[in-house]
Amino acid sequence: MPMQTSMEGCVHGMEPAWCYVCRIERSGADPRTAWGFNAWEDDRDPGDRSGPMSLTQAGYLRFLCEEFEETFDPSLTDGQSAIIVASFLDEPMTDSQARTLFFLSQVVGTEPDTGLTYGQARTKIRSLIAIRGLKSA
Ligand SMILES: [Zn+2]
């Protein structure tokens, strides 16, 4: 199939408008956190975490709010933000993720997964990128 020439591709071979890797890179969020490497290892009960969010966590939550077109509330406590982040990760994957998954699955030669949550899709994209040797986080 010929490549589309009407649009400039991004460095990942996709289109910057929907490439999930580009979205993370553009977001300004800490890449390791945005890719889920720094999943909350803070196992205290969120109700006990009444301090403010760290800058890293605030950047991550801001990115997720943009992903889901929700309003970012900088006044959330650390514990509240952890609950909201977890609920975003349980949402169905976004269109950007679905297109990225489809593209990468074709490149690698596997069937694209469907019906994933946002968090699952992110993990899958991460592993496909690793297989393909693309630069990411
Ligand atoms: Zn890209």
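Trainee: What is the relative accessible area of Asp73, and how does that class it?

Mentor: Asp73 is partly exposed, with a relative accessible area of 34%. Here buried means under 20% relative accessible area, exposed means over 50%, and partly exposed lies in between, using a 1.4 Å probe and protein chains only.

First, a caution. This is a predicted model, with local features needing pLDDT of at least 70 and side-chain atom pairs counting only at pLDDT 80 or more, while totals for chains, interfaces and linings use all residues. Residues are numbered from 1 along each chain as its sequence is written, and side-chain values use heavy atoms, with hydrogens and water left out.

Now find Asp73. This residue sits in the loop between α3 and α4. Ala58 is 15 residues away in sequence, and the two C-alpha atoms are 9.0 Å apart in space. Glu69 lies in that loop between α3 and α4 too. Glu69 counts as exposed, at 75% relative accessibility. Its backbone deserves a look. Phi of Glu69 is near 55°, a positive value in a residue other than glycine. Most residues other than glycine have a negative phi.

Helices are DSSP runs (H or I, at least four residues), strands are E runs of at least two, and both are numbered from the N terminus. The axes of α3 and α4 come within 10 Å and cross at roughly 35°. Axes are lines fitted to C-alpha atoms, for helices over the stretch in contact, with angles from 0 to 180 degrees between N-to-C directions. Who meets whom? On the α3 side, the residues include Tyr60, Leu61 and Leu64. On the α4 side, they include Ile84, Val85 and Phe88.

The largest nonpolar core has 33 residues, and Leu61 and Phe63 touch the most other members. Such a core is a set of buried Ala, Val, Leu, Ile, Met, Phe, Trp, Tyr and Cys residues joined through side-chain atoms within 4.5 Å. At least two core residues come from each of α1 (20–27), α3 (55–67), α4 (78–89), α5 (95–108) and α6 (118–132). The most come from α3, which gives six.

Phe63 leads us to α1. Leaving out residues up to four places away in sequence, Phe63 touches Tyr20, Arg23, Ile24, Ser27, Ala29, Ala34 and Tyr118. Contact means heavy atoms within 4.5 Å. In α1, the buried residues are Tyr20, Val21, Cys22 and Ile24. Their cover includes α2, α3, α5 and α6. Take Val21, which is buried with a relative accessible area of 1%. Val21 and Ile129 are 108 residues apart along the chain, yet their C-alpha atoms are separated by 9.1 Å. Just after α1, Gly28 takes a positive phi of about 80°. Then comes Asp30, in the loop between α1 and α2 (31–34). Asp30 is partly exposed, at 31% relative accessible area. Asp30 and Phe63 are 33 residues apart in sequence, and 9.7 Å apart in space from C-alpha to C-alpha.

One more helix pair remains. The axes of α5 and α6 come within 10 Å and cross at roughly 30°. These two helices are therefore roughly parallel to each other; the class takes angles under 35 degrees, while over 145 is roughly antiparallel, 65 to 115 roughly perpendicular and the rest oblique. Again the crossing is left-handed, as α5 passes α6. Leu101, Leu104 and Val108 are among the α5 residues that meet α6. Pro112 lies in the loop between α5 and α6 and touches Leu101, Phe102 and Ser105, not counting residues up to four places away in sequence.

Finally, step back. The protein chain holds six helices and zero strands. Of its 137 residues, 39% count as buried.

Terms used. A crossing is left-handed if the near helix is turned anticlockwise from the far one by less than a right angle, and right-handed if clockwise.
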